[in-house]
Amino acid sequence: MKKSLITIQQGQFSAYQLKQLNTLIKQNYRHYVSSERLLITWMQIPQDQMYCDYKPSQSSIITIEAPDGFPQNKRVNMLKNTQDQWLSITNQVADNLMLTLIDSSLFSEIVASNQERLSLLGKLKMLKVILSSVLASMIRRSPILVNPNRGE
Amino acid sequence: MPVYTIASLEKLTPEQTYKVSEAITDIHCDLTGAPTEFVNVIFMNGQSLANNKKVGVIGNVRSGGNRNRELTDELKHRIHEGVAEVLALSIEQLSMALVGVPASWGMEGGEILPEPGEEEAWLRRTKAS
């Protein structure tokens, strides 16, 4: 199973848009990348906790794991088509959307660096948050939504 | 890209989040020549950090192009110092890591990201379209 982390602002998109976007990423992954299952986690950041260019951010940041050695022409097709379809669903401008399709080894390094930053207690707390989000998503049949800001 | 994430146990004040994002944007762009509109800074509070650190900074930055080892080390060092200074913490109270991602693996503004050092032509193209 490969993974995807998508960072958005809290309340930026409706529940319906989120479902559409979740489906879009999964469909495009299957079409352009692999038939392997893709687990998408949506990180919802409160608006005052995300900046771009010195200002509160309007950006969405999509990071998707690809098999190692993924061909660049296929990567560009995936990114371009996903971007175009995402923008048509959200009405965002292209400047507010960043997509990366990262080979598995480097994706694992990014995940590991985030894990290493946390204490054992921090890792357990994060695991609990993710597992409860997965459970809620299964019950509601909705995307997996996580707010990493737990001191709110 | 870059995307910097700042994890802390306690929630930073609005003034602190602004000043940290400002310091990171200034340092990153001064040192690398990247445009300020590339720089994303995300805050995550309520995080218990390893080794009793108060704040943990991770930057996912473009690799390759004009970015050699010295420049990357300098960037890491200056961001580490800059964030510590803004938050009135010692260097030892912060953890700092950078992860390099090939520019050609990302897209922004409708185009594959430029190699570090080739931003000017890329910006002209994306702003014109």
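1. Let's start with a packing question: what do the buried residues of H2(B) pack against? They pack against helix H1 (14-32), strand E3 (55-63) and strand E4 (94-102) of chain B. Helices (H or I, at least four residues) and strands (E, at least two) are DSSP runs, numbered from the N terminus.

2. A word on the source: this is a predicted model, where local features need pLDDT of at least 70, side-chain atom pairs count only at pLDDT 80 or more, and totals for chains, interfaces and linings use all residues. Residues are numbered from 1 along each chain as its sequence is written, while chains are lettered from A and ligands numbered from 1 in the order in which they are written.

3. Now for the residues themselves. Leu75(B), Ile79(B), Val83(B) and Ala84(B) are the buried residues of H2(B). Seen down the helix axis, they fall within an arc of 150 degrees (taken from the directions from the axis to the C-beta atoms), so they line one face of H2(B). A residue is buried if 20 or more other C-beta atoms lie within 10 Å of its own, exposed if 12 or fewer, and partly exposed in between, with C-beta atoms placed from the backbone.

4. Have a look at the other side too. Exposed Glu70(B), Asp73(B) and Glu85(B) sit on the face of H2(B) turned away from its buried side. After H2(B) comes Ala88(B), with a positive phi near 55 degrees.

5. Finally, chain A. Its elements comprise four helices and seven strands, running β-α-β-β-β-β-α-β-α-α-β from the N terminus on. Of the 152 residues in chain A, 34% are buried.

How values were computed:
Two residues are in contact if their C-beta atoms, placed from the backbone, lie within 7 Å.
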